[in-house]
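This report concerns a predicted model.

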Amino acid sequence: ADAVQGCPRTPTLPEGGTGSGGRMAQRKHGRLWCWLGALLGLVLAAPALAQALLYRNQGQLALAPHTRYLHDDTGTMDVADAWREVDQGHFEALPATGAAFGFQHGAFWFHVPLSNQDTRQRQWLLVQEYPLSDRLDLWVRHADGRIEHHAGGDHLPFDARAVRYRYPNFMLELPPGERADLLLRVQSQSSMQVPLTLYTPAAFIELSRDAQFAIGIYYGILVALFFYNLVLWLALRDASYFWYLFHIGAFGLVLLTLNGLGFEYLWPGSPWLADLSVPLSICLAQVGMQQFARVFLRLRTAWPVGDRVTLACIAYFMALGVASVWLPYRIATPLASASVFLSIGWILTVTLVAMRRGDRSARLFLLAWATFLLGTAMFTLLAFGLLPKSFLSGYGVQIGSALEMLLLSVALSYRYASLRNENERIVRRAKLQLESQVLERTGELRNALAQLETAHARLREASRHDPLTGLYNRGWFRERFESLLEAARLQEQPLSLLMVDLDHFKAINDRHGHLVGDDCLRRCARIVEAVLRPHHALVARYGGEEFIAALPGMDVHRARELAEEICKRLRAAPIRTRGPEVSVTASIGVHVVDTADPSPGIASDLALQVVDTALYAAKSGGRDQVHVAGC
């Protein structure tokens, strides 16, 4: 319509010329040509209209369907040339594998046209959901011709990122109703994977929370397996357990590196270590895998030739790990990644040989490595650009490795059980010949089992306590709270709940560091415990800077007095830490549980919800105060 309105009108003929019928015909022809011209313009501009539209209540938008790219083989193209290529339509749509191109030379340019239709949301966070890219340069061209530049990647210090997160990210200011063009240049010696997503700040907070929760579950499994088998190794002194621990630790480092968590938490100011950690951690993990297989399958006696080949594999990965200190990243990382296939293939080979020679525990070993091989293969194929990025290809190595380590732990237990059964058969056979040896062997086995029982008991007790504060943890509190609630219902006595939250604790961590924050948590835990323990309270760390306490037989007035006492003691004097003295206050919610409800599970959940609401009321009312539920 704008094109038609901009068409020149047919000039008026002078008197004596063509009559009104001729003038009408000329006007109709002129309008017809204008409509055809406008239609042709829309057809020719159709590719440029495929822009990403950001609507209201749209928390995130994957940009792959709206992204076009250009591969600069030499890496010499400057931004002015790139904008010219964009305007001339020389960028191409992404291939079938999406924004995963494998290991490539030069630089890749990506162009995304945007239009923010959300009138309430101006700020958007652009996230490249791959943590190992070396250098990213982003230019944002606004409708008024203004161009902004942002830089990122792991060749810059971690603090250079807009948000402290394991993936490179950029905070964008997109005025509502205006078009903006994003031009991203990526140059990296790592795998070229550039999945781009836009998030509102609120949506990104939810995403990062869920992602960190999933990663926490994975590393929780690894840490639990590590300490469980550490206790077994200390008790049994079996080399298999030691090399299994080495494998868990090394592979945990691999995933810390590949997920970007190593750069975030371990070496945020060293891009050199961020690059070196990838091939070096892969080599360490392969050394642990090969040595564990060698010891577990007893290759030295079962298959000497296979044992020598395994030792050669270990020597190769050790040499590659040392050489990666000097080798360019573009050589060391693809070489280490490709060698993983050969390493796992050889482990599968020796496992099959062990199975054929009658090793029953090799079956579980084979199943464990099969799951790991599948997950690693998907991740490596993604790194080389042979698979599109998806949940399975992106997280297959975590899923596969978690299953592998669980199954290997089972295999170790199975092998230990097999050895124990074998020892018992030997004892029974030798009983008639040498009874003294039988008694000695039985004593050794009983001693080993007693040590295992002690180790399990210690693990059970340790699992009930929070390692930082020494208080009970959240899981044990929930279990004991059910029992206290049932006892209060049977005895018809009150049961009070206190939920304590330290005010502005994140600011303490941000200003003084997490070590000072840990000191504050420990000291505050001691104060809360000192006030409540004389009253037979069950005190636990509920999570983060929150504590919770159950007070059996205590009414609301006495519970409020104790809560006020906690606030008073926290407020009275600053906390001495390894750094400065820190003043800490707390907000406390108080609730007396309704013990008339015959369903303890439902009543406990409702009680926790009510006291949590009371806590937030205390925080909303100005903090450093006590709020009683229902008041």
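Within helix α4, the buried residues are Ala203, Phe204, Ser208, Ala211, Ile215, Tyr218, Tyr219, Leu222, Leu225, Asn229 and Leu232. An α-helix has 3.6 residues a turn, so residues three or four places apart point the same way. The length of α4 is consistent with its residue count, because 36 residues at 1.5 Å a residue should span 52 Å and the end C-alpha atoms lie 51 Å apart. Directly after α4, Arg237 adopts a positive phi of about 55°.

The sheet is open and has 4 strands in the order β2-β13-β7-β10, with antiparallel pairing. Its edge strands, β2 and β10, each pair on one side only. On average, neighbouring strands are turned by 20° against each other, direction ignored. Between β7 and β10 the antiparallel pairing runs over 5 bridges; Val127 has Asn169 of β10 as its bridge partner. Helix α4 packs on this sheet, where it touches β7 and β13, and its direction makes about 120° with that of β13.

| β2 | 60-62 |
| β10 | 169-173 |

The largest nonpolar core holds 48 residues, of which Tyr218, Tyr219, Phe251, Leu297, Phe365, Trp369 and Leu408 touch the most other members. Helices that each supply at least two residues of this core include α4, α5, α11 and α12, while α10 gives the largest share, 10 residues. Leaving aside neighbours within four places in sequence, Trp369 contacts His247, Met289, Ile347, Leu348, Glu404 and Leu408. A second, separate core has 35 residues, among them Leu471, Leu551, Ala563 and Cys567.

Definitions and conventions
Residues are numbered from 1 along each chain as its sequence is written. This is a predicted model: local features need pLDDT of at least 70, side-chain atom pairs count only at pLDDT 80 or more; totals for chains, interfaces and linings use all residues. Side-chain values use heavy atoms; hydrogens and water are left out. Two strands pair if DSSP finds at least two bridges between them. Axes are lines fitted to C-alpha atoms, for helices over the stretch in contact, and angles run from 0 to 180 degrees between N-to-C directions. Contact means heavy atoms within 4.5 Å. The expected span of a helix is 1.5 Å times one less than its number of residues. Buried means under 20% relative accessible area, exposed over 50%, partly exposed in between (1.4 Å probe, protein chains only). A nonpolar core is a set of buried Ala, Val, Leu, Ile, Met, Phe, Trp, Tyr and Cys residues joined through side-chain atoms within 4.5 Å.
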